[in-house]
Amino acid sequence: MAANSIKKDSGRPLYHIFTRIPDRYDLINHVITLGMDSGWRGQAALTCLKDSPGRLLDLCCGTGDLAIDMARLARYTPEITGADYSQPMLEIAAAKAATAGLNNIRFINADVAHLPFPDGHFDCIAISFAFRNLTYNNPMTADYLKEILRVLKPDGRFVIVESSQPKSAFVRFLDHLYLKLWVFTSGYLISGDRESYRYLAESAEHFFSAEEMQEYLLKAGFKLATAKRLFFGAAAIYTATK
């Protein structure tokens, strides 16, 4: 999961977690996903790099893991930008990239509703575990999607790795139980932030299925949307084409 771009005065509890505990953020993500988030993010990075896009945007980049994965996995030197609302997260992201010796990534503070890029600037835009934050009971969703489409080139790809709903009713029951018991409890105990991790578990439990997500992206204005299910359908990588 990456940091979102919800304004401080929107009342969302997630604003606090993305500004108060950036030093524990990566640890919490690894714990609540049982370490699987790294592999899923790597798969998303490879999806982004297909056909060697020149300009890539890691939107709501948090501490920069997806941008860093793209830079590490690319067999060429793309121009990579990481954008996020949380300055503390961006500082960690920049330090991680510098430590890794990756000089083709820039990190900027930006609001998804007002992205500081010209029309059609990016060949590929990616978002890891933050699309839910932009769309779940969020009154700004239409503005966010409009901006994403605006800065994406025609035929450009929007790659999303996000939670989903298993097809099997039994597996879905187990997944929701895991969200309530493990994700909420471990996130709260490590962060000390009960409200934010209650929101995280709740939003994941009630988020789109793969089929619903594909339909949602098409209605938003993309001309093609595909899904690759992960971990029995509890997560998925979506690729939408403008």
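This is a predicted model: local features need pLDDT of at least 70, side-chain atom pairs count only at pLDDT 80 or more; totals for chains, interfaces and linings use all residues.
Trainee: Let's turn to the helices. Why are α8 and α9 called roughly antiparallel?

Mentor: Helix α8 (residues 169-191) and helix α9 (residues 194-205) pack at an angle of about 160°, and their axes are 8 Å apart. Angles over 145 degrees count as roughly antiparallel, so α8 and α9 are roughly antiparallel to each other. Their crossing is right-handed.

Trainee: Which residues of α8 and α9 meet?

Mentor: From α8 there are H176, L179, K180, V183, F184, G187, Y188 and S191; from α9 there are R194, Y197, R198, L200, A201, A204 and E205. Sorted by class, this contact of α8 with α9 has eight nonpolar, three polar and four charged residues.

Trainee: What makes α3 oblique to α4?

Mentor: The axes of α3 and helix α4 (residues 65-73) cross at roughly 55° and come within 9 Å. An angle under 35 degrees would be roughly parallel, and 65 to 115 would be roughly perpendicular, with over 145 being roughly antiparallel. The angle of α3 and α4 therefore falls among the rest, which makes α3 oblique to α4. This crossing is right-handed.

Trainee: Which residues make that contact?

Mentor: S38, R41, G42, A44, A45, L46, C48 and L49 of α3 make the contact with D65, L66, D69, M70 and L73 of α4. By class, the contact of α3 with α4 has eight nonpolar, two polar and three charged residues.

Trainee: How many aromatic pairs does a search of the whole structure find?

Mentor: The search finds 10 aromatic pairs. One of them is formed by W40 and F231.

Trainee: How do you know that W40 and F231 form a pair, and why is this pair called tilted?

Mentor: The rings are 6.4 Å centre to centre, and the cut-off for a pair is 6.5 Å. Their planes are at 45°; under 30 degrees would be stacked and over 60 edge-to-face, so the pair of W40 and F231 counts as tilted.

Trainee: Where in the chain do W40 and F231 lie?

Mentor: W40 is in helix α3 (residues 36-49), while F231 is in the loop between β6 (224-230) and β7 (235-241). The pair links distant parts of the chain, 191 residues apart.

Conventions: Residues are numbered from 1 along each chain as its sequence is written. Side-chain values use heavy atoms; hydrogens and water are left out. Axes are lines fitted to C-alpha atoms, for helices over the stretch in contact, and angles run from 0 to 180 degrees between N-to-C directions. Helices (H or I, at least four residues) and strands (E, at least two) are DSSP runs, numbered from the N terminus. A crossing is left-handed if the near helix is turned anticlockwise from the far one by less than a right angle, and right-handed if clockwise. Contact means heavy atoms within 4.5 Å. Ala, Val, Leu, Ile, Met, Phe, Trp, Tyr, Cys and Pro count as nonpolar, Asp, Glu, Lys and Arg as charged, and the others, Gly among them, as polar. Rings of Phe, Tyr and Trp (its six-membered ring) pair if their centres lie within 6.5 Å; planes under 30 degrees apart count as stacked, over 60 as edge-to-face and the rest as tilted.
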